[in-house]
Structures are given as C-alpha cells and as structure tokens.
Amino acid sequence: MAYTYDPNNIFAKILRGEIPCNKLLETEHSLAFHDIRPQAPSHVLVIPKGPYVTFDHFALEASDAERADFVAAIGQVCKALGIQPGEGGRGYRAISNAGDDGVQEVPHLHVHILSGRSLGRMVGRPD
Ligand code: AMP
C-alpha cells in the first residue's frame, strides 16, 4: 500500500506560508518551529519540506540530500537550544509519532524535540 499525503494538513499550510509559525530555523529541505501547545519548557518540531507522512515514509523514499539535511537540521536545533549533552546541555527527547498506534495528529513527518525539564519515563500507558 502506498503512502497518501494530504496536502491540506496544517504543516503543509505552514510550509506554503498560508498560516504562520514561530520559526527557529530553516534549511534547504527542512523547517524547525516551536510547537503551538508545548509539552515541555522547550518544544520544537522539525519537519522536512517534502510531502512525507511518517518517519518510515521519509526514510524509505526521501532523497539522500533531503535525509542528510533533515538529520543536520535536528542537530542544528539541538545546538541552537544549547541542549546537547556532549556540550554541557541537559539533554532532550526526540519523538516522532506515526499512524494510529503512534497517535499521530498531523500527517506530515515531524520530530518533536522536547527539553528544559526531566522528561520522565519514555512511554506512558494510554489514558
Ligand atoms: P503529533 O501528535 O505527533 O502529530 O503532534 C502534532 C503536534 O503539532 C502537536 O504537538 C501540536 O501541538 C502541534 N501543532 C498543531 N498545529 C500547530 C501549529 N499550527 N503550529 C505549531 N504546532 C502545531
């Protein structure tokens, strides 16, 4: 079954400039902006500019340039936020929710970068 990308999702609208975002940084193939409902003192979303639904979709179908750019953008976000454990930062959690079991709300790949407090256990039970 092929991936189906919905061009009307909210991140596609941000990428087209139809709705605003609080941008942290932008690269050739990626965009990073602050989450509108932060779950930690700092909550940044990193997205590719291309039409990819999930991490696996991106990993399997993006170009080498897009993949390299996206990984580098995540590194740049960590650096900009000063959260790299190897550089004296207190660390972070990177999460990408996919599909129904992953409880993905927006069907455009995004990696959440959460930081600014201890984030507790990795996975909770459903409410
Ligand atoms: P997920 O459940 O992984 O799909 O997460 C989607 C995230 O997108 C949530 O954390 C939302 O708060 C966030 N979000 C939704 N709309 C916007 C928006 N317009 N700007 C920034 N973040 C948003």
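In the predicted model, a backbone N or O atom of V103 lies 3.3 Å from an oxygen atom of the ligand, a polar contact being a pair of N or O atoms within 3.5 Å. The protein covers 90% of the 500 Å² of accessible area that the ligand has on its own, as computed by the Shrake-Rupley method with a 1.4 Å probe. A polar side-chain atom of D35 lies 2.5 Å from a ligand oxygen atom, and a backbone N or O atom of I36 is placed 3.2 Å from a ligand nitrogen atom. This is a predicted model in which local features need pLDDT of at least 70 and side-chain atom pairs count only at pLDDT 80 or more, whereas totals for chains, interfaces and linings use all residues. Residues are numbered from 1 along each chain as its sequence is written, and side-chain values use heavy atoms, with hydrogens and water left out.

The ligand is surrounded by 16 residues, the closest being D35, N97, E105, H110 and H112; a residue counts as near if one of its heavy atoms lies within 4 Å. By class, this shell has eight nonpolar, five polar and three charged residues. Both α1 (10-15) and β2 (30-34) supply at least two shell residues, and α1 gives the most, with three.

The ligand sits in the largest pocket, with more than half of its atoms within 2 Å of the pocket grid points. About 1,200 Å³ of space lies in the largest pocket. Its lining comprises 36 residues, of which Q39, H43, N97, V103 and H112 lie nearest the centre. A pocket is here an open set of points on a 1 Å grid over the protein atoms alone, where a 1.4 Å probe fits, with protein on both sides within 12 Å along at least five of seven lines; lining residues have an atom within 4 Å of a point. The lining divides into 18 nonpolar, ten polar and eight charged residues.

Definitions and conventions:
A polar contact is a pair of N or O atoms within 3.5 Å; within protein, one must be able to donate a hydrogen and the other to accept it, and residues adjacent in sequence count only if both atoms are side-chain atoms. Helices (H or I, at least four residues) and strands (E, at least two) are DSSP runs, numbered from the N terminus. Ala, Val, Leu, Ile, Met, Phe, Trp, Tyr, Cys and Pro count as nonpolar, Asp, Glu, Lys and Arg as charged, and the others, Gly among them, as polar. Grid points are joined across faces, edges and corners, and a volume is the space filled by probe spheres set on the points.
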